[in-house]
Amino acid sequence: MAALGGDGLRLLSVSRPERQAESAALGGPGPGLCCWVSVFSCLSLACSYVGSLYVWKSELPRDHPAVIKRRFTSVLVVSSLSPLCVLLWRELTGIQPGTSLLTLMGFRLEGIFPAALLPLLLTMILFLGPLMQLSMDCPCDLADGLKVVLAPRSWARCLTDMRWLRNQVIAPLTEELVFRACMLPMLAPCTGLGPAVFTCPLFFGVAHFHHIFEQLRFRQSSVGSIFLSAAFQFSYTAVFGAYTAFLFIRTGHLIGPVLCHSFCNYMGFPAVCAALEHPQRRPLLAGYALGVGLFLLLLQPLTDPKLYGSLPLCVLLERAGDSEAPLCS
């Protein structure tokens, strides 16, 4: 059986007799069917997730608390049922991961502390410039800021704010569960880990196009501006999706991508234009450059699989004959 990663359709090729035992262990029906089932399963998950947002008919905008509460219900139901799609995929393809479904989806205790802390630290390093910018523009000093962050009353206000719950809790958790924890195990045996990092985010990026309909419905801007904004959003959500997919594969945990997703939702897209016009432009731009440089330097060391124990997706591909997947070492 040919190695994964180059040609995604070579997974279950059994042209050489010595690979037939491995293929039998996987129990796969053939490379073409495996990939079609994987892609269709991922597409179904993406459509179900987005469709669940529109089962409630309402004339109110998406940021209205009543709309957010209803969408919480439907998206949580779809996300809770999404592992069933992975189970169905396993039955249809006959692929046996060699580990439990929850472990394959990143729910495991081994290496959980570094998996929670190191990816978040890496992401904060990338956002060094925006964090400096936020600090410079904040009217309060560090001590006052920490008091606000640590105050129980502040957290109580956050937990009753529907937009905060959506952006910081529900969206990161459900989107990473559906678009990373469920989709990557289904795509990886078809494409290999490397291509899966860039294929999976396409579903994630396209899923954000539904905002176009709401913006057109409420005439929030011109048609050209709306579509330009949607194209930009697709681009950066796809890039972000590739990053969290990389984190999921390299750590074997879901918690890191969820925390990074929540942090990035809080920070928003870096205000580069504002930084260029900032009174303290030079140190700020130096912070931007330093953050990106340190991020690239630390990306591999802080996501070294040795820090997180055995990686479920790597175990899955080893059973498929790809013992030299680059992302696994």
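Analyst: A disulfide here is a pair of cysteine sulfur atoms within 2.5 Å. Before we apply that, some ground rules: residues are numbered from 1 along each chain as its sequence is written, and side-chain values use heavy atoms, with hydrogens and water left out. This is a predicted model, so local features need pLDDT of at least 70 and side-chain atom pairs count only at pLDDT 80 or more, while totals for chains, interfaces and linings use all residues.

User: Fine. How many disulfides does the structure hold?

Analyst: There are 2. Take C35 and C190, whose sulfurs sit 2.0 Å from each other. The torsion about their S-S bond is about 115°, so this disulfide is right-handed. The bond ties together distant parts of the chain, with C35 in helix α2 (residues 31-51) and C190 in helix α9, 155 residues apart. By helix I mean a DSSP run of H or I, at least four residues long, numbered from the N terminus; strands are runs of E, at least two.

User: And which cysteine does C314 pair with?

Analyst: C314 bonds to C328, S to S 2.0 Å. Here the torsion is about -100°, so the disulfide is left-handed. C314 belongs to helix α16 (residues 312-319), while C328 lies in the segment after α16, 14 residues along. Count the bonded cysteines along the chain and you get the pattern 1-2, 3-4. C42, by contrast, is in no disulfide: the nearest cysteine sulfur is that of C200, 6.4 Å away.

User: C190 sits in α9. Where does α9 bend?

Analyst: A bend at a residue is the angle between axes fitted to the seven residues ending there and the seven starting there. Helix α9 covers residues 162-191 and bends by about 45° at L184, with a proline, P185, following within four residues. At the start of α9, a side-chain oxygen of D161 comes within 3.0 Å of the backbone nitrogen of R163. Just past the other end, G192 has a positive phi of about 95°.

User: Why is α9 described as largely enclosed?

Analyst: Because 25 of its 30 residues are buried.

User: What does R166 do in terms of contacts?

Analyst: Plain contact just means heavy atoms within 4.5 Å. R166 lies in helix α9 and, at 12% relative accessibility, counts as buried. Its side chain makes a polar contact with the side chain of D63 at 2.8 Å. Not counting residues up to four places away in sequence, R166 touches R62, D63, I68, F72, A171 and P172.

User: Which residues touch the most other members of the largest nonpolar core?

Analyst: A nonpolar core is a set of buried Ala, Val, Leu, Ile, Met, Phe, Trp, Tyr and Cys residues joined through side-chain atoms within 4.5 Å. The largest one has 65 residues, and F179, M183, L184, L193 and L313 touch the most other members. Helix α9 supplies the largest share, 13 residues.

User: Last one: what does UniProt list as "transmembrane region"?

Analyst: UniProt positions follow the numbering used here, with shortened feature names, and annotations may be inferred rather than shown by experiment. The unreviewed entry lists residues 109-128, 226-249, 255-276 and 283-302. In the model, residues 255-276 are 82% helix, with end C-alpha atoms 34 Å apart. Residues 283-302 are 100% helix, and their end C-alpha atoms lie 26 Å apart. G287 is in helix α15 (residues 281-302) and is buried at 4%. Beyond its neighbours within four places, G287 is in contact with L128, G129 and M132.

Notes. Buried < 20%, exposed > 50% of the residue type's maximum accessible area, 1.4 Å probe, protein only. Polar contact = N/O pair within 3.5 Å; in protein donor to acceptor, adjacent residues only side chain to side chain.
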